[in-house]
Amino acid sequence: MYNNKHYYCVILAGGIGSRFWPISRISMPKQFLDFTATGRSFLRMTYDRVKNVIPEENILVVTLRKYREIVTEQLPELRAENLLLEEYNRNTAPALTFATYSLLSRDPEAVMLATPSDLVIDGQEIFEKALMRAFEFAAQSDALITLGVVPTRPDPNFGYIQAADALQEDKPVRVKTFTEKPDPDLAKVFLDTGEFLWNSGMFVWKAETIRGELEKYSPEITRIWSGWDSAMGGGNEAAFLQKVYTSDMPRTSIDYAVMEKTEKAWVYPAQFKWADIGNWDSLYEYLANHDENGNASNFNGKSLLKDSENNILYSAKKGKLTAICGLEGYVVIDTDDVLLICPREDDKFKPFLSDLALPDYKEFK
């Protein structure tokens, strides 16, 4: 086990997982659910993935205050002071600002991994090796490192990072461009050039370095935190955080706030298998069972499928028969209070979900 006392991990677990409605709800979003038949939630898997590299006392979780009990139940070993509670979800830039200032108040030499809580990664040893190389590089430089995954297909559902120099195994290189979810044709061009990596959403950097870049490129966020150095870790922290999160806090990602603007962006080409579970298609291969017709399913009861292909099927009800005939490329989700039937295509599913904001459906969110 690696054991550098200045190495930290920040797990971002404050999202509401709306794309996976109606399984994922505001009261129990996807990071706290087990979609993958492992018996562990995404959050639990993320914690277990990093604890061989990061001392457990240095693993922090950022989530919403209303999820405190869920996190405590799923990670009973997590120290109370390592659970950072946001009042409202304002995307990854504000969450990482919170984590950065918290770490600097404890350890000015902190080097941190920032990771989403909903990734699936295969190849633990390869992952640990990549992470340690990234930590070593960041600790000795002012680099903001993204772990980039070597792409295996032209997937338009992922973000892409273009390297400024030729990619070499186990060697970070400077970033030339970021592209968020290109169309399929452009994704194929990216793959063919050999210059691009998938953006894994995982970052490694010194806390002091990301602090400086946040203050340089996102002052609209950091100005709200004025006085953090005397408030964090002290008796006034709760009141200070309440003031911060009830102010006009922008909602923005760390990619947009810093990474697409900084001159310190680097990418480490990693070889582990990775998936960002952001929509039904990306979850497809991780569901419990796949039949010979390409249906991915998770049933608590019995099922009868005929002339049906490439569907995502889920039923939470024990003792209930799910019978489907002549269906192709659909999502069918049956929960206690919602039955969803919708095409798998994200461009159809996402607009459909926007109707949930209507008052008539508030109780089902």
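This section describes the overall fold, the pockets and the aromatic contacts of a predicted model.

The secondary structure of the protein chain comprises twelve helices and 18 strands. Its radius of gyration is 21 Å, close to the 21 Å that the globule rule gives for 365 residues, so the chain is as compact as a globular protein of that length. Along the principal axes, the C-alpha atoms occupy a box of roughly 60 × 50 × 40 Å. Of the 365 residues in the chain, 52% are buried. Helix 1, which spans residues 42-50, is mostly covered, with nine of its nine residues buried. Among these buried residues are Phe42, Leu43, Met45 and Val50, together with Arg44, Asp48 and Arg49.

The largest pocket holds about 1400 Å³ of space. It is lined by 46 residues, and those closest to its centre are Lys30, Asn91, Thr92, Asp118 and Asp276. Two or more lining residues come from each of strand 2 (59-64), helix 3 (92-106), strand 9 (196-206), helix 10 (254-259) and strand 11 (273-276). Strand 9 contributes the most, with four residues. By class, the lining of the largest pocket consists of 16 nonpolar, 18 polar and twelve charged residues.

The second largest pocket has a volume of about 360 Å³. Its lining contains 21 residues, of which Ala80, Glu81, Leu83, Leu84 and Glu237 lie nearest the centre. At least two lining residues are supplied by each of helix 2 (68-74), strand 3 (83-86), helix 3 and helix 9 (237-245). Here helix 3 gives the most, with four residues. Helix 3 is also one of the elements that give two or more residues to the lining of the largest pocket. The lining of the second largest pocket divides into eleven nonpolar, four polar and six charged residues.

Contacts between aromatic rings were then considered. Across the whole structure, 17 aromatic pairs are found. One of them joins tyrosine 101 and tryptophan 225 in a tilted arrangement, with 5.7 Å from centre to centre and 55° between the planes. This pair links distant parts of the chain, 124 residues apart: tyrosine 101 belongs to helix 3, whereas tryptophan 225 lies in the loop between helix 7 (219-222) and helix 8 (228-231). Tyrosine 101 counts as buried because its relative accessibility is 2%, under the 20% limit. Tryptophan 225 also counts as buried, at 0% relative accessibility.

A further pair is formed by phenylalanine 158 and tryptophan 274, whose ring centres are 4.7 Å apart and whose planes meet at 65°, so the pair is edge-to-face. Phenylalanine 158 is located in the loop between strand 6 (144-149) and strand 7 (160-163), and tryptophan 274 in strand 11, so the pair ties together parts that are 116 residues apart in sequence. Both phenylalanine 158 and tryptophan 274 are buried.

Tyr101 and Trp225 also belong to one aromatic cluster with Phe98, Trp228, Phe240 and Tyr245.

Charged side chains are likewise placed over aromatic rings. Lysine 261 lies over the face of tyrosine 256, at 4.6 Å from the ring centre.

Definitions and conventions:
Residues are numbered from 1 along each chain as its sequence is written. This is a predicted model: local features need pLDDT of at least 70, side-chain atom pairs count only at pLDDT 80 or more; totals for chains, interfaces and linings use all residues. Side-chain values use heavy atoms; hydrogens and water are left out. Buried means under 20% relative accessible area, exposed over 50%, partly exposed in between (1.4 Å probe, protein chains only). On a 1 Å grid over the protein atoms alone, a cavity is a set of points where a 1.4 Å probe fits but cannot get out, and a pocket is an open set with protein on both sides within 12 Å along at least five of seven lines; lining residues have an atom within 4 Å of a point. Grid points are joined across faces, edges and corners, and a volume is the space filled by probe spheres set on the points. Ala, Val, Leu, Ile, Met, Phe, Trp, Tyr, Cys and Pro count as nonpolar, Asp, Glu, Lys and Arg as charged, and the others, Gly among them, as polar. Rings of Phe, Tyr and Trp (its six-membered ring) pair if their centres lie within 6.5 Å; planes under 30 degrees apart count as stacked, over 60 as edge-to-face and the rest as tilted. A charge sits over a ring if NZ of Lys or CZ of Arg is within 6 Å of the ring centre and within 35 degrees of the ring normal. The radius of gyration is taken over C-alpha atoms; the globule rule is 2.2 Å times the number of residues to the power 0.38.
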